[in-house]
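Here is a short walk through a structure that may be new to you. Keep the view open as you read.

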Amino acid sequence: MAGFNGDELDLEFGVVASVEVVVVGGEVSVTAGGGPVRVTGIVIEGDPVKVSLDHGSLRVSHSVAKHLLDQMRGSMTATAHISVVAPPDVTVKVRSVSADVLIAGFTEPPAVATVSGSVTVSEVGGLTASTVSGPVEAQAIRGDLAVNAVSGPVTILGGRLETTAVKAASGEILLDAEVLGDTTLTTVSGSVALRLPDDAVAMFDAATVSGRLDCAFPLADSVSTKRKLAGSIGGGGARLRVRTVSGDVAVVRKRMADL
Amino acid sequence: MSRVFAHGALRLYLLSLLEDGPRHGYELIRMMEDRFMGLYTPSAGTVYPRLTALEDVGLVAHEVIDGKKVYRLTDAGRGEVAERRKEIDDVVANAVKSAGEVAREIRDEVRSSVRDLRQEIKEAVKDVRREERRVGRESERSARDAARDARDIAREASRDAQEAARMARDLVRGRTGDESRLYPEVVTDGDDFRVLFRSLRRDLEAFVSDVVAAARQHNIDADRARQVSAALIEARQVVITALSADPTDDRR
């Protein structure tokens, strides 16, 4: 096991199977690249960043001092900018309190959890994300997608989704992607907007208690009431379920001109 | 991450790498990889064709050493590097970015795409809702128009009926009120007239109330209402004609 603590770091590691970054505030980026794993970082506020490698698991953490005495010495917060470049096949896990997180280029689905930081993900093989108030913005996801949000808005742009489960309370959900497998989008008061290609196929099924339901696609074998809108789009495909309490639901078409 | 190099920049960058001495293709790839901290690994398929192209225009030349092609700058290549020094420095400066910078670039790119998407989808959702409201309003409007038409027709019919009734009443009242002044000639048969017109008035009032009630109760369409209206006018005419054809006429 190799370990390192520092205020300003620039480290290289050989064989790494997984990367875990745990931070409070600041910025974290984990991007895919060739060559050795490289960790660079600057502490802006707080204790030094801890880096350890244990049986192929690289862990980078920056936390608020645990002891009251240390806290009284002024390390109440922890802010750092940390960048990790790792081979595209490692598994990536990031947890942050308020730090903004960026993850790009990995074939394995990364897992991200944040309280108020933003989560930006691009070109990855799936994603598991949870947020309280920070937004989740994911581009070009290929694989399974699972997002839990409280008030943070969730935007899924492009990509090919196998199975999709997005849950939000007051956060809105925007999804513009190819949905290949079962898809469930749930909110309490957040609105849900889906943009599907003209030739999309799905067994669409939306229900709300008091939200609006609109669908720009013709629905075959449709059920349309104030609280429910269902039917097959383009002859039917995987299940596309949308549930809200008071959030509005709209499905719009992606015209060729938008591509 | 091909965004590392702008168009034509890779070519210049390769020339600058050969400045320090001959290199074989794989070495060039490794040098670039190191330079970009692993963020950018140019593929052989990217680098070799560029080298061949540079060779074609006489800026580099190669010789085979131990079975590997080793490239070096020609005099023309050296001239090109000297001439475009400023451009090459810019390329190097732009290409060598910290991981943080690259990450920020990706983040900005995703964010701006997300912003565009939000805008586009919001517009599209507005369009869908506007369309649905328009369709809804149109069907609502046509229903409202139909209802208004029916009401107008019914009102017209009832107006006609009331008019007929009023005329009849006036007639009756006139006759029953001051028959001597209006129709001095018929005063003598006053009692008979009173009885006659009282009964006529009852009939007319019943007729009016029946017609008005029927017009109110039934969903009459425009054609029916026109028929009713025509029938009332005709009936009025018939009654008036009948009343005009009073024996008094004969006496005039």
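A:T120 is buried, because its relative accessible area is 0%, and buried means under 20%. The model behind this value is predicted. A:T120 sits in strand 12 of chain A, which covers residues 119–124. What does A:T120 touch, apart from residues up to four places away in sequence? From chain A come A:V101, A:L102, A:I103 and A:E137. From chain B come B:R107, B:V110 and B:R111.

Now turn to the nonpolar residues. The largest nonpolar core has 68 residues. Its members A:V30, A:L58 and A:F204 touch the most other members. Strand 14 of chain A supplies the largest share of this core, six residues. A second core stands separate and holds 21 residues, including B:A9, B:L12, B:L15 and B:I88.

Look again at A:V30. Neighbours within four places in sequence are set aside here. A:V30 is then in contact with A:V19, A:V21, A:V84, A:V92 and A:V94, and also with A:L102, A:I103, A:A104 and A:F106.

Next, follow the strands. Strand 14 of chain A spans residues 136–149, and strand 15 of chain A spans residues 154–168. The two run parallel, joined by twelve bridges.

Terms used:
Residues are numbered from 1 along each chain as its sequence is written. Chains are lettered from A and ligands numbered from 1 in the order in which they are written. This is a predicted model: local features need pLDDT of at least 70, side-chain atom pairs count only at pLDDT 80 or more; totals for chains, interfaces and linings use all residues. Side-chain values use heavy atoms; hydrogens and water are left out. Two strands pair if DSSP finds at least two bridges between them. Helices (H or I, at least four residues) and strands (E, at least two) are DSSP runs, numbered from the N terminus. Buried means under 20% relative accessible area, exposed over 50%, partly exposed in between (1.4 Å probe, protein chains only). Contact means heavy atoms within 4.5 Å. A nonpolar core is a set of buried Ala, Val, Leu, Ile, Met, Phe, Trp, Tyr and Cys residues joined through side-chain atoms within 4.5 Å.
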